Amino acid sequence: MSLQYMSPAERAPMNLHPVDLAIIAVYLLGVAMIGVVVRKRATKKLDSFYLADRNVPWWMLGLSGCSSYIDIGGTMSMIGLIFYLGLKSMWATHIFWGWFMISFYMAFQAKYIRRSGVMTFAEWNETRFGATKDAEAARLASSIFLLVLMICNLMFISVGTGKFAEEFLPLPRWEATLIVLAVVGVYVTLGGFFGVILTDVFQTLLIGVGAVIMAVMVFAKPAAMTFIHKDPAWLSLAPTWKLWTGFMTDTPPAYQHFGLFGPLLAAGFFWMVFRLLSGPNVWDFQFFLSTRTPRDAQLAAGMWTVGYNLRWVLGCAFMVLGIFYLGSQAGFDAEKIMPLVLLKMPVGLRGLFMAVLLAALMSTISAMINVTSSVVINDFVKRYFAKNMTQKKLVRLGQVASVVAVLVGFVFSLSFTNIVTAWETMVFVVVTVILVPATLRWHYWRFGAKAFVWGMGASAGLIILRLLLLKGLHASASLAIDVGLSLAATLVAAAMTKPADMEVLVKFYAKVRPFGFWGPVRRECVRRGLVPANDKMPKIDMLNGLITAVFQFTLAILPFYLFLRNWKQLGLWASAVAGLAVILYFTWYKNLPAKDEE
């Protein structure tokens, strides 16, 4: 069975059945009403609007996080990657795209963030560097970076939204995107961060229902290996230096750089080390600040690590069904598999899944909008332009900033056609600017505020220079060069500048207790009786970083073998998951922060 692919321009736009439209309308109305219901609570003050009064139960935050990373654009791109790379896509996404960061939240970063007690990513710099002019410059640099990054994120999401919606609506891509963004903007603007969390919890549950239905649909078809006709290497997890013969001819240009698989993973691993150790640089930071205690922050991250695998269930199921309907040969845009599979679903189920996918999309956009607004108000307006403005007025300005953020991200999205291109532009150019400086500020005591600013500035300048002078490089070369230049520039900046005042460092280390190069500060904390002389937690945090990464990777593999009905491999990897869970009970759960730690 096959389905000839035609672009939206080549075929009449699909008219959804009234039942499907009714399901979607009820869902959108219900989501928007959440913002209306919690508006009074959410708009009392800034802490309410942006951090939900720091009183969110850990299980709610964990469920919320599970859907906040499952967007339409990223999932469409992931399905395309699975279609082209097969099981090797597990390495590409976890290493090259840096998805191990969720397991690192579980291991230690969530509690580090919650212990800081600030409101924004940029405000954290004052906790680390002190209240000095240099620290103020570091905070401003972080604010500018985060604002640019959030706009890029909204841009990327908008590309995927339009590419998905144009398959169903008799509208141009830009109009379909704008409609979806408008619905999200309503409940984020009215409900603040608590509205975001409530809708995300509901959306995670809806995505879970969708994942179960997709699994049933896959098993209602013949065994996948009877209709998947791919090179044997497509079914192998083992990394290779180059992908199989024919990969380049069967794959569109946007994905052909994966052909040199070994060099790409090596460069991706080099980049990933700093991506993981730098901590969250986007909306995740705000998620963990809204929990009641550091213990709750880590528990939420643990639920997030497990629940995030709903994305792999959906992705692998859509890929298998896509090959069943479309065939496994090249000749169409695999990023379009998801909407094309929806075309084959019966009335009612199609509407349900459009609601599921809209839920995934909106949970991601909503968090981005809220954080972008938070940066604008807390790190610019409140700090520099409206120091005496009331909390109510600041919240109103925050709502305006939410609307503006959506519009700016939408306008920039019009410059991209391929989702993966927009994603990689954002992650491997914009994000790389901050990774090394952000890593050193967590894990190196001598890294001061001035070094942070100079490191970011030099990294940005060198990456821009590389883009201008060294064009046409393979993705592995450009990524390795960019990270190498940033590392060299940041280390030079650290050597040429002074660290923060010892009193500031002692206060920070005693409260957060990160691992890394903190020798002089740790010894001073021990001398003052602020930390135990033989504190085991930094080493345990490092160990848990490795174990949770392997745990997350093994969880992600299970849906692939399940839907391929490879029972032997499924049993082996499920046993590995169970064994790692037992180990984590002793290394992670037994070492969570105390319940009374605030």
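**Figure 1. Helices α7, α11 and α24 at the second largest pocket of the predicted model.** At least two lining residues each come from α7 (101-116), α11 (261-277) and α24 (537-564). Helices (H or I, at least four residues) and strands (E, at least two) are DSSP runs, numbered from the N terminus. The pocket has a volume of about 310 Å³. Of the 17 residues that line the second largest pocket, F104, L276, G545, L546 and A549 are the closest to its centre. The search uses a 1 Å grid over the protein atoms alone: a pocket is an open set of points where a 1.4 Å probe fits, with protein on both sides within 12 Å along at least five of seven lines, and lining residues have an atom within 4 Å of a point. Grid points are joined across faces, edges and corners, and the volume is the space filled by probe spheres set on the points. Helix α24 supplies the largest share of the lining, seven residues. By class, 15 nonpolar, one polar and one charged residues make up the lining of this pocket. Ala, Val, Leu, Ile, Met, Phe, Trp, Tyr, Cys and Pro count as nonpolar; Asp, Glu, Lys and Arg count as charged; the others, Gly among them, count as polar.

The model is predicted: local features need pLDDT of at least 70, side-chain atom pairs count only at pLDDT 80 or more, and totals for chains, interfaces and linings use all residues. Residues are numbered from 1 along each chain as its sequence is written, and side-chain values use heavy atoms, with hydrogens and water left out.

Figure 2. At 16% relative accessibility, T587 counts as buried; buried means under 20% relative accessible area, exposed over 50%, and partly exposed in between (1.4 Å probe, protein chains only). Its side chain makes a polar contact with the side chain of N544, at 2.8 Å. A polar contact is a pair of N or O atoms within 3.5 Å; within protein, one must be able to donate a hydrogen and the other to accept it, and residues adjacent in sequence count only if both atoms are side-chain atoms. Touching residues are in contact, that is, they have heavy atoms within 4.5 Å.

**Figure 3. R565 in the loop between α24 and α25.** R565 has a positive phi, near 60 degrees, and is a residue other than glycine. Most residues other than glycine have a negative phi. R565 counts as partly exposed, with 23% relative accessibility.

**Figure 4. Y509 of helix α22 and the loop that holds R513.** Y509 is found in α22 (residues 502-512) and is buried, with a relative accessible area of 2%. Residues up to four places away in sequence aside, Y509 touches P514, W518, V521, R522, C525, V531 and P538. Y509 and W445 are 64 residues apart in sequence, and their C-alpha atoms are 9.0 Å apart. R513 lies in the loop between α22 and α23 (519-527). Although R513 is not a glycine, its phi is positive, about 55 degrees.

**Figure 5. Helix α14 and G327.** Helix α14 covers residues 310-326. The expected span of a helix is 1.5 Å times one less than its number of residues. For the 17 residues of α14 this gives 24 Å, which agrees with the 24 Å between its end C-alpha atoms. Of these 17 residues, 16 are buried, so α14 is mostly covered. G327 follows α14 and has a positive phi, near 90 degrees.

Figure 6. Helix α6 (residues 89-96) is mostly covered, with seven of its eight residues buried. The C-alpha atoms of F145 and V433 are 8.7 Å apart, and the two residues are 288 apart in sequence. L357 and P339 are 18 residues apart along the chain, and their C-alpha atoms are separated by 9.9 Å.
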